[in-house]
Amino acid sequence: MKAVNFWKTLFCAALAVTAFTACSDDDDNGYSGTPEISVNGAATVSVVRDLTAGETSPVVSVVSKGDWTLAFNNAGDSQWVTPSTMSGKTGTTTLTFNVAQASAARTAKLTLTASTTFEGIPLKATAEIVVMQNEGGSTDVETNVKEIRTKMAAIATDGGVTISEDLTLTGIVVSDVEAGGFAGNRNCVVVDNSTEAGAGIIVRFPASGYKFPVGQVITGSIKGAKAALSYGVLQIDLDGSTVSFSAVEGSTVDVQPIPVPAADLATYESQYVKVSDVQPVASARGGKFYQGTSSYTTTKFETKTGGSLDISIYKTNDWAKTAEVPAKSGYVCGLVSIYNGVGQVAPRNAKDVAGLTNDLFTEAGPVTSTIAGITEAGKYKVVDAIVAANYESGFVMEDATGQMLVYQFIKGATITIPAVGAKVTVTGTVEPKNGMLQFSPEGLTVDANGTGSVKPQTATVLDGAAVTALFNSPVMKYVKYTGKLTVDGNYYNVAIDGTEVVGSISYPNADLNVASFNGQTIDVEGWFIGATSAASGAKYLTTLAVKVSANDNVPSVTFTDQPTQFAAASPAEQTLKYTANAAAGAVTFEITGADKDKFKVVSSTASQVVINAVGNNTSDAVYTATLNAKGSAGTVLASVALSQAKAVSGNATVINVDFAGAVPAGAPTSSYEKETKTFAFSGYDFTFVSDGTNGYKFNRTNGDYFIFGKKGAYVQLPSIAGKALTKVVCVSRKGASGSVMVGIANTEGAFVTGGAPVKWAQTEPYTFTYELTGTAVNTPYCIRIDSAHNAQIVTLELTYE
């Protein structure tokens, strides 16, 4: 079978969770005809993004006749994919998807179902969306047979296991054998990844069903199937399992004959003596054993040292002159078929036949090499290397010839990362990644066998131009660069002067305390391990950090506290702590902005500044200004926003809610609730709505607080007769997500003025205030999540005027 890059936009890869906003230009609730639904004008569409978090491309246009719903084929995918909405009505709806950051390629499938009722009879139509995330942000898809083989690698020849997880299998039919040739009258289809040696799988379908022509691309799911090794090849028996397979329309491959290597023919000739030609025989059940029986001959051979072997040859009695055997002839992958005496054709693992090789089913063993000797992808073994540095996803190893990254991270798997100085033998697959070769985690083994000495390294100091050059021509190198650090969740990005390339500290070890330098100018020292580009065009110099320290030469000031909003009446002083390096010199403060005269600096020291509002705010507008910290040279080095609440009218209603206190009967406290429910707090009704997947609860196991999520989840606040909601103050807690985006929206999901989503960064005092304008009286509003994270609330203060 020739190598093929199968189909472009083959199948739409998975979606994920939570509903949010959608844009509809038609809302016909009364449609009762035959349902129809399409995505971007077709029955299926693929959307894709690279491994960074953000929105996929392209945007999906859902055209439906009938109300429709969206569902994940695999519920677990909702943990990383977030659709903008999970339902819609007749008309056209714009649908978008946001994905979380990934470390490896992944795919999710979602099904859209349009429904109508005709004279009491329910009618349905479906379409499919595939959400894909991969390094290049490409919808080109290769078959994934090898991935499943890897998962099944532990299967013993004389045993078998049940595949408990729900696996997706996509591949090409390269051979089919009619029912009757197998016990149980089952069809046999062999699926193979034509671009990857050793990736064949025999799939034995139930007798009831599946018959696909040779060359057809098929896709489906398997769960509960038995898997075992048959003649050294993975065989999955689908009888009695949960199975669903279908042909991928418009996707076929021209299955070409597979040449028999001349070296194999020579090996046959040297080791075997032809004894006789035997015509193909019927199976034990009487059915035809091969397709096109008259075209085949079975030849018996005997080894020169004893023993025998039956080999079926295509269209010739002279095996030594056979140059090719078509895969579609009935031979599994076409090289050698062995008749085992019970009416069964099976691929033979060439290792079972002394001296023979068959790369179609037997992957070459690892090549023992030095690090410098690894110049291309393949399977390798590096003996007695020393761990030069490590991070939370793997390590850099070195020998006398060079260094190489060993990447160990597999989502959901527990990994053991060897300590710096450990002597290790590493065996696995080397692949190109981010511009350099590295060991990949699949099938990787790391054996520690002692300790050694780590070579001292002198860092190559990079300015902006050198960073750009290294990004454009990646090579493993120990480097040092300087820039301002921004911490955003698990992202540690360093802005470097003189280049558009951003320094990215990848999964740093906890003892580096990288987050403590947020906002400061720092020096980063460690191994450059890859040049990564995002779909947005952003470029990252990915670094395994060995040392992170504050830079003493570039002036730097960082506020370690953030101010809260001053009260409208009798405002209290606030003390903000800050850090400054020696290069900043004596730090001074100034207040700028339209309302700068409404605030004042009370006092300051070398580590803190005291600020306050000048007096009461009696207006109906919030006062705002900016507090700037300036170095001795007069340059602004850090800033924070100041605000003072507007005056509260005398007839305001204020509701205070303590989610850390007693909760109403029936409220979920130990397990998450996904159903919409209403509970009374402080004498008012609050309605709690999940995203449909993650749920909500009033946690009482490791702290007292309310937790809900993710995107699209909300808490509907009470409405007050004759009054409008004008202010919401949420208090969160240390330990909650520092990346969650939360805003104030109406019940349709639209955020109101002053309620735009903001990031709850979870720094003291964990208080987030929304001053709202334009809200309506007698109207409920919602605290709504706008990112793929959970939010945690300890107390609420709601003001209605």
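Guide: Strands here are DSSP runs of E, at least two residues long, numbered from the N terminus. Two strands pair if DSSP finds at least two bridges between them. This is a predicted model: local features need pLDDT of at least 70, side-chain atom pairs count only at pLDDT 80 or more, and totals for chains, interfaces and linings use all residues. Residues are numbered from 1 along each chain as its sequence is written, and side-chain values use heavy atoms, without hydrogens and water.

Visitor: OK. Which residue stands opposite Tyr684 in β50?

Guide: Phe681 does. β49 (residues 677-681) pairs with β50 (residues 684-689) in the antiparallel sense, over 5 bridges.

Visitor: And how many residues lie between β49 and β50 in the hairpin?

Guide: There are 2. Ser682, in that turn, has a positive phi of about 55°.

Visitor: Is Asn434 buried or exposed?

Guide: Buried, because its relative accessible area is 18%. Buried means under 20%, exposed over 50%, partly exposed in between (1.4 Å probe, protein chains only). Asp384 counts as partly exposed, at 38%.

Visitor: Switching topic. Which peptide bonds are cis?

Guide: Ser57 to Pro58 is cis, omega near 0°. Gly709 to Lys710 is also cis, with omega about 0°. Lys710 sits in the loop between β52 (705-709) and β53 (714-716).

Terms used. Helix = DSSP H or I, 4+ residues; strand = E, 2+ residues; numbered from the N terminus.
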